[in-house]
Amino acid sequence: MKYYEEKPFLEHLEDLRWVIIKSLLALGGGSLICFIETKPLMAILLKPLKSAGEDPQKVLRVLGVVDPFSVQLQLSLLGGLVLSLPFILYFVAQFIIPGLTPSELRLLFPIFSVGALLFVGGILFSYFILLPQTLQFFSAYNKWMGVQTDWTLQNYSNFVVQMLISFGLAFELPLVVILLGILGILQSATLSRYRRHAIVIIVVAAACITPTSDPLSLFLLAAPMYLLYECSLWVLKAIEARKRTQKDRAIEKGDVIP
């Protein structure tokens with residue numbers, strides 16, 4: 001049973017409109033702050049290249065007149081999204097909380113928290129582990145080919161941002177699987193039965209997500225995704241076992257008819 005009074009449909013639309021407006025304002029404010037503080041963001045952007053043993057001033061070039069401004073806008077939007085994400089989640093929670101039952105409400109904070117941690121975990125994994133290794137691989141590959149490493153700033157920025165966002169989204173896989181399991185749409189037996197199919201899907205998804213098609217980036221994304229798949233399977237089994245235990249206890253007490 002819901003613990004709120006039903007609103008007319010138009011009032012829900014009005015509430016949704018304000019959620020969108022406040023979210024856009026938060027994103028704009030965060031992006032403005034990041035636009036002003038571009039130099040620290042540039043230092044963060046260039047750190048994986050330095051970790052790969054390359055000097056950004058020697059490797060990176062600017063070819064277009066407005067390329068630096070485009071990169072600044074891109075970094076500002078990405079940084080603004082990160083800064084405004086807690087506020088956006090809060091506005092979304094305000095919108096959906098009145099329509100939740102007490103049992104659903106108890107799941108809201110853990111779901112948001114786990115989702116945020118997984119997204120940040122994917123970004124950190126890509127930033128500290130994958131990006132330096134990938135950049136070092138391509139730099140060494142260029143030397144093996146007998147060519148000089150000479151990348152544009154915009155190309156490098158696009159590559160780094162795509163990698164960070166791709167891994168952040170890819171690490172949301174366990175949350176999606178667990179939510180489908182809680183809703184009864186997906187079962188652990190299904191995940192176990194179609195494990196081989198899942199491997200193929202993960203490899204294809206990794207190939208689509210990664211900005212490059214090299215085997216190293218593909219493996220470094222597909223391997224964690226498969227491990228997360230196995231973790232999701234284990235968690236889903238634990239959830240199902242807990243549900244069976246609760247059902248058995250309810251049957252013993254006579255609250256549920258078997």
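A surface patch, as I use the term today, is made of residues with over 30% relative accessible area and no salt bridge, where like charges are joined within 9 Å and nonpolar side chains (Val, Leu, Ile, Met, Phe, Trp, Tyr) within 5 Å. The accessible areas come from the Shrake-Rupley method with a 1.4 Å probe, and for residues only the protein chains shown count as cover. A salt bridge, in turn, is a side-chain nitrogen of Lys or Arg within 4 Å of a carboxyl oxygen of Asp or Glu.

Please keep in mind that this is a predicted model, in which local features need pLDDT of at least 70 and side-chain atom pairs count only at pLDDT 80 or more, while totals for chains, interfaces and linings use all residues. Residues are numbered from 1 along each chain as its sequence is written, and side-chain values use heavy atoms, with hydrogens and water left out.

Let me start with the patch. Leu10, Leu13, Leu16, Ile20, Leu24, Phe95 and Ile96 form a nonpolar patch on the surface, and together they have about 620 Å² of accessible area. Helix 1 (9-36) and helix 4 (67-96) each supply at least two of its residues, where helices (H or I, at least four residues) and strands (E, at least two) are DSSP runs numbered from the N terminus. Helix 1 gives the most, with five residues. Leu10, which is found in helix 1, is exposed at a relative accessible area of 66%; here buried means under 20%, exposed over 50%, and partly exposed in between (1.4 Å probe, protein chains only).

Now to the charged pairs. How many salt bridges does a search of the whole structure find? The search finds three.

In one of them, Glu14 pairs with Arg17, with the closest N and O atoms 2.8 Å apart, and both residues lie in helix 1, three residues apart, about one turn of the helix.

In another, Arg61 pairs with Asp150 at 3.5 Å between the closest N and O atoms. Arg61 lies in strand 1 (residues 60-61) and Asp150 in the loop between helix 5 (102-145) and strand 2 (151-152), so this pair ties together parts that are 89 residues apart in sequence.

Arg195 also forms a salt bridge, with Glu230, where the closest N and O atoms are 2.7 Å apart. Because Arg195 lies in helix 9 and Glu230 in helix 10 (residues 215-253), the pair ties together parts 35 residues apart in sequence.
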